[in-house]
Amino acid sequence: MSDRPVGDMAGERPDAWAEAVVAGLDGARAAERALTEALRPAMSLKEETAQRRAEAVRAAAMGLGAEGCASAAGISERLLASWRAEDPVFDAALSAARSLAHVHGVVPDVATNPAVLRVALDAILDGVPFVAVGALVGAKRDAFYRLRRGNLRLGALFGAAQSARRRTMAPGRKKKAELKGYRLVRIDAPPAPGADPVR
């Protein structure tokens, strides 16, 4: 193994580099979950909510919209809206963070902002379909797909995140995800033997 930083290896073997980066991200997420679990007996719902709200404000400071902030906090957009409606201080903090990003020209661009790229990769690792990840980070669908095809490193990172997600998916969920097309289902009971067909 080379002594050079992982980022320097991208030119040589982008797939291996991307797998190492994604494994590091996934390891950091696992460590975060373990720390939270270790504190859980002492952590109240109020403290956990405060932590999630802080993640949402951090995402807003990166210029992300409501969908990206909710994803970064690990909650639904609906819950984020509920928190904003019931807590004017949190709502003001989120708005101020977005304003800060706007005033300082922070663009939620997955190609230039590492924090936004991390939100995108975390979403993929959480099972969000790639087609929906672009919307989370404020990218239009076509532009997001072009970015993946046009940037070797980003394409490798997205591919590695999807592969890591498939490896950790439960076998039943994996089969369900792999099903394509339609499945015909009979919704009426078959006629009893010897019964006259309905005319």
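This is a predicted model: local features need pLDDT of at least 70, side-chain atom pairs count only at pLDDT 80 or more; totals for chains, interfaces and linings use all residues.
Local features need pLDDT of at least 70 and side-chain atom pairs pLDDT 80 or more, while totals for chains, interfaces and linings use all residues. Residues are numbered from 1 along each chain as its sequence is written, and side-chain values use heavy atoms, leaving out hydrogens and water.

Student: Is G134 buried or exposed?
Tutor: Let's start with the cut-offs: buried means under 20% relative accessible area, exposed over 50%, and partly exposed in between, with a 1.4 Å probe and protein chains only. G134 has 2% relative accessibility, so this residue counts as buried.

Student: How are the rings of F130 and F144 arranged?
Tutor: Rings of Phe, Tyr and Trp (its six-membered ring) pair if their centres lie within 6.5 Å; planes under 30 degrees apart count as stacked, over 60 as edge-to-face and the rest as tilted. By this rule there are five aromatic pairs. For F130 and F144 the centres are 4.8 Å apart and the planes at 25°, so the pair is stacked.

Student: And what kind of pair do F144 and F158 form?
Tutor: Both of these residues, F144 and F158, are buried. Their ring centres are 5.3 Å apart with 50° between the planes, and the pair is tilted.

Student: Which residue lies over the face of F130?
Tutor: A charge sits over a ring if NZ of Lys or CZ of Arg is within 6 Å of the ring centre and within 35 degrees of the ring normal. At 4.5 Å from the ring centre of F130, the residue over the face is R148.
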